[in-house]
Amino acid sequence: MRIVIIDADRPDPEVRHRWPSYGGMCADWLGAALPEARFALVNIVEGSVFPDMSTFDAVLLTGSRAGAYEDHPWIAPYIAFLRQCRDAGRPVGGICFGHQIMATAFGGTVEKSERGWAIGRKQHAVTPAGRAHFPDRQVLAALSFHQDQVVKLPPGASVILANEHSPHGGIAYPFAALSVQFHPEFGPDYVAGLLDRMEPGALDDEVIGASLEGLDLPLDNAEVALAFARFYRSCRKAEARAG
């Protein structure tokens, strides 16, 4: 299975010796649950072009510090590419910004949350629709780092994960697309480092303190990876049956 990872950002220079790319972090996270996958990384903010449909079987979208509603020169082509993937039946998975740009491309709305930042270990309830993807779980714990989020669902989409801060924390579509608002590819050390590297005054001490609490508690990153692996495999099987 050929999966192209669309990378829409890059880690800060001082940590690239350990985390060279967000796409690499995503490949490591998903690859453990989907060993048959072969990953190719495309960084669109560094000038790479979107790949031809014939070169991949599925897509995974990384996070980004950009906003899906911002006027970057690569946003409109990104939206067009995702609609092309949908129309061609290519499965699309998204994480954080990937979750948001998918919702934007498919008819939803993304804004800065009125609740402010969501940072650190957060629990998300598995909704009735989400049990198709997480059949044995009622709650999932994962790391968040965002203030933008989906505020209006795209037509036909279903919420699969939710909490008070992020009521659209996971979305499944009536076509081959699945996404989550949080970062299952992140570990606690990366989130702690992000907080440490933020500009002075960007967050008050209370928010930072609350964000650091619980970083030593268990996470369900592997469970989320298994759900994405099942999603990609099921799409692959459906394509084979149709073909």
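Leaving aside neighbours within four places in sequence, which residues is proline 174 in contact with? They are Pro155, Gly156 and Ala157. The structure is a predicted model.

**Proline 174**

Proline 174 is found in the loop between β10 (170-172) and β11 (177-180). Its relative accessibility is 59%, so proline 174 counts as exposed; the cut-off for exposed is over 50%. One of its contacts is Ala157. Alanine 157 and proline 174 are 17 residues apart along the chain, and 6.3 Å separates their C-alpha atoms.

**Helix α2**

Helix α2 covers residues 75-88, which makes 14 residues. At 1.5 Å a residue, the helix should span 20 Å. The C-alpha atoms at its ends are 20 Å apart, which agrees with that expectation.

Which residues of α2 are buried? They are Ile75, Tyr78, Ile79, Phe81, Leu82 and Cys85. Seen down the axis of α2, these buried residues fall within an arc of 160°, so they line one face of the helix. The face turned away from the buried side carries the exposed residues Ala76 and Asp87. After α2 comes glycine 89, with a positive phi near 80°.

**Cysteines**

A disulfide is a covalent bond between the sulfur atoms of two cysteines. How many disulfides does the structure hold? The number is 0. Cysteine 26 is in no disulfide, and its nearest cysteine sulfur belongs to cysteine 96, 10 Å away. Cysteine 85 is likewise in no disulfide; the nearest cysteine sulfur there is that of cysteine 235, 12 Å away. A disulfide needs the two sulfur atoms within 2.5 Å.

Cysteine 26 has 0% relative accessibility, so it counts as buried. Cysteine 85 also counts as buried, because its relative accessibility is 0%. Cysteine 85 is one of the buried residues of α2.

| Cysteine 26 | Cysteine 96 | 10 Å | 0% |

**The largest pocket**

How much space lies in the largest pocket? The volume is about 520 Å³. The pocket is lined by 25 residues. Closest to its centre are Asp9, Ser64, Arg65, Trp117 and Phe145. Three elements, α3, β7 (139-146) and α4 (188-197), each supply at least two residues of the lining.

Methods: Residues numbered from 1 in each chain as written. Predicted model: local features only at pLDDT ≥ 70, side-chain atom pairs only at ≥ 80, totals over all residues. Heavy atoms only, no water. Helix = DSSP H or I, 4+ residues; strand = E, 2+ residues; numbered from the N terminus. Expected span 1.5 Å × (residues − 1). Buried < 20%, exposed > 50% of the residue type's maximum accessible area, 1.4 Å probe, protein only. Arc of directions from axis to C-beta. Contact = heavy atoms within 4.5 Å. 1 Å grid on protein atoms, 1.4 Å probe; cavity = no way out; pocket = protein on both sides within 12 Å on 5 of 7 lines; lining within 4 Å. Points joined across faces, edges and corners; volume = space filled by probe spheres on them.
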